[in-house]
Structures are given as C-alpha cells and as structure tokens.
Amino acid sequence: MEYCELGSLRRVLEGEQQLSWERRVRMALDAASGLYRMHQSNEKFKLHCSIDSTRFLVDHGLRVKLGGLDLAKTETSIRRISVANQRSHLVPYISPQQLCNIHYPYDKPCEVYSFGIVLWEIASRKTPFKDCSDKVIRQKVCEEKVREPLPSDCPKDLHELIDECRAFDPFERPKAGAIVDRLKNILNRISTVTKESWD
C-alpha cells in the first residue's frame, strides 16, 4: 500500500495551499484515471461503490490516488446487496436516481455522478451541500434538480464536463474513459496557455 503523506483529497482541498487551475485539473485527471482503471479492471463491471473526496488520497507531489479499493464490488454482486448497504456513503454523493428511488440499482452512471461531485469539490474547494440535512439534499436534487454553482473563473470546458457528470439524466453522464480523455485535453490547453503567458 503506497503511503500518501497529505491524507485525503478532502483534507487537501480544505487546506491553505494555493492550487492553480492547472494543478486542480491534474488532480482531477489523476482521480479520473484511478476510476477508469477500476471500471476497466479484469473483474468485469467492477465498481468502487463508495466514491467521495475522502476515498482519494494525495501524496507529497499532489498526485491523487484512489483508495478504499477493498470496498469495490462487481455489478453482479451489488445486485445481491441490500439497498441500505448500497446507500451507506454520504448522501451528497448519491445519484438522483438512487435518492428518488430506493430500488434503483447502483451502476456506473451512479458512480460517475458521485465522481462529478468530487470534481465539483476540486474546482470549488467547498463541501457539497454543506449544512444541508439529508431531507433537504433529497429535495434539492430530486425535485429542484439543483447543481451547486462552480466558481466564476472555472474554465468553461471543465465547467461543462463537471455539469455533464452531475447531469440528472444518467444517459447524459460520460463514461470514465471519456472523462479521462477530456481532462487530458483541458490540461493540455491550460498548460499551453500558461506556458505562453510565461514566454
């Protein structure tokens, strides 16, 4: 098990360290790569089942790693798990489908929604639905279809990707591989702009 000195992603985001948009996109890409590798693992249809910002760990170089893999399960085994156990992680990360329907099966689009909330945290450095009760979160997500706002200086292409991951309709959410590809493109664009500004 690799040691990650800085602890959880949540802890780093709550800290005082300055994080440029380039750095935040790098962190998001690291996190997305971990999710993609798990979704493409040899065990068919493997899911983490507990994605939130405490499940990602950060090393001294601000590289982000996906942790808690002992919790990962296959889609087949998830169908045998009780609804209560499926929903054991924090309510802000639960997809609208599962919040609105306790019998909705956990699947990859549900996990992408959870990851979209993590991406929102990386961009905003805030806690999702802070100080809201579970009941209020359900109302906001299921009835009002609320997506918490992103910072005004968030790059447009990153903003669009995060909103797609948090889409109410699961069919609008991208797959993990597409998220990785788009984050690579966003990082290349931002890196080029940053380099040109230094030249």
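The model is predicted. Its sheet is open and consists of three strands in the order S1-S3-S4, paired in antiparallel fashion. Helix H2 packs on that sheet, and helix H7, at residues 134-143, has buried residues that include Ile137.

**The sheet**

- Strands of a sheet pair through backbone hydrogen bonds, in either a parallel or an antiparallel manner.
- In the order S1-S3-S4, the edges are formed by strand S1 (7-8) and strand S4 (64-66).
- Each of these two edge strands has a single partner strand, so one side of each is left without a neighbour in the sheet.
- Strand S3, covering residues 56-58, runs antiparallel to S4 and is joined to it by three bridges.
- Val58 has Val64 in S4 as its bridge partner.

**The helix on the sheet**

- Helix H2 (residues 21-39) touches both S3 and S4.
- The direction of H2 makes an angle of about 20° with that of S4.

**Helix H7**

- The residues Ile137, Val141 and Cys142 of H7 are buried.
- Viewed down the axis of H7, its buried residues fall within an arc of 105°, and they therefore line one face of the helix.
- Lys135 and Glu143 are exposed and lie on the face of H7 turned away from its buried side.
- Among the elements covering the buried residues of H7 are helix H5 (96-100) and helix H6 (108-124).
- After H7 comes Lys145, which has a positive phi near 55°.

Key:
Residues are numbered from 1 along each chain as its sequence is written. This is a predicted model: local features need pLDDT of at least 70, side-chain atom pairs count only at pLDDT 80 or more; totals for chains, interfaces and linings use all residues. Side-chain values use heavy atoms; hydrogens and water are left out. Two strands pair if DSSP finds at least two bridges between them. Helices (H or I, at least four residues) and strands (E, at least two) are DSSP runs, numbered from the N terminus. Contact means heavy atoms within 4.5 Å. Axes are lines fitted to C-alpha atoms, for helices over the stretch in contact, and angles run from 0 to 180 degrees between N-to-C directions. Buried means under 20% relative accessible area, exposed over 50%, partly exposed in between (1.4 Å probe, protein chains only). The arc is that of the directions from the helix axis to the C-beta atoms.
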